[in-house]
Amino acid sequence: MLQDLNIDTAIYQKQPKLISLRHSDSEEWYFQQLFHWLDRHPEAIGTKFNRSEIYRFALHFFVENIALNAANAKLKYGELTQKVNALALKREHAKLEAQLANMENLLRFLTTLQYRQLEYIPEKINLQNRLVDYSINPINETEFQQFGAPT
């Protein structure tokens, strides 16, 4: 993209080749967290796995996903942080809702099996006249209508 913009190469030549970063305990903690994440996802960075490549990856990721996103253009740092955190909560809520829906479907299935089974369990069998007396199913239709959702 930069080649298509016809930017003068002198601009790049004026920039220093090395950027010095002060390294403190907090920066080391952040770097180690990023390093561990990249260690689990090596395809994100490629074959080179050194400190400068990791910083380059973080810079490119931030620019491509945060800075160039038009929806983030006017957000302050606090608003941007809230937006990123809200995305994580939204994914977590979607996962919980899917799990709840699966549990509801499983409960409906099991309750239906139980209902059908109770329809066919005899209360007593008279061996002399070979008659089967079925009991009244203890699960009635109103129990299937609880909480407003028919099963």
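The model is predicted, so local features need pLDDT of at least 70 and side-chain atom pairs count only at pLDDT 80 or more, while totals for chains, interfaces and linings use all residues. Residues are numbered from 1 along each chain as its sequence is written, and side-chain values use heavy atoms, with hydrogens and water left out.

Start with the layout. The protein has five helices and two strands. Both are DSSP runs, numbered from the N terminus: helices are H or I with at least four residues, strands are E with at least two. Along the sequence, the order is α-α-α-α-β-β-α.

Next, the surface. The protein exposes about 13800 Å², and carbon and sulfur atoms supply 59% of that area. Accessible areas come from the Shrake-Rupley method with a 1.4 Å probe; for residues, only the protein chains shown count as cover. Of the 151 residues, 8% are buried. Buried means under 20% relative accessible area, exposed means over 50%, and partly exposed lies in between (1.4 Å probe, protein chains only).

Now the contacts. A contact means heavy atoms within 4.5 Å. Take the contacts between residues at least 6 apart in sequence: 22% of them join residues at least 24 apart.

The largest nonpolar core holds five residues: Phe31, Leu38, Ile45, Ile54 and Phe57. Such a core is a set of buried Ala, Val, Leu, Ile, Met, Phe, Trp, Tyr and Cys residues joined through side-chain atoms within 4.5 Å. Helices α2 (25-40) and α3 (51-67) are the elements that each give two or more residues to this core. Ile45 touches Leu38, Glu53, Ile54 and Phe57, leaving aside residues up to four places away in sequence.

Phe35 sits in helix α2. Its relative accessibility is 28%, so Phe35 counts as partly exposed. With residues up to four places away set aside, Phe35 touches Phe49 and Ile54. Phe35 and Ile54 are 19 residues apart in sequence, yet 7.4 Å apart in space, C-alpha to C-alpha.

Move on to Asn72. Asn72 lies in the loop between α3 and α4 (77-119). Asn72 counts as buried because its relative accessibility is 10%. Its side chain makes a polar contact with the side chain of Lys83, at 2.7 Å. A polar contact is a pair of N or O atoms within 3.5 Å; within protein, one must be able to donate a hydrogen and the other to accept it, and residues adjacent in sequence count only if both atoms are side-chain atoms. Asn72 touches Asn65, Ile66, Leu80 and Lys83, again not counting residues up to four places away in sequence.
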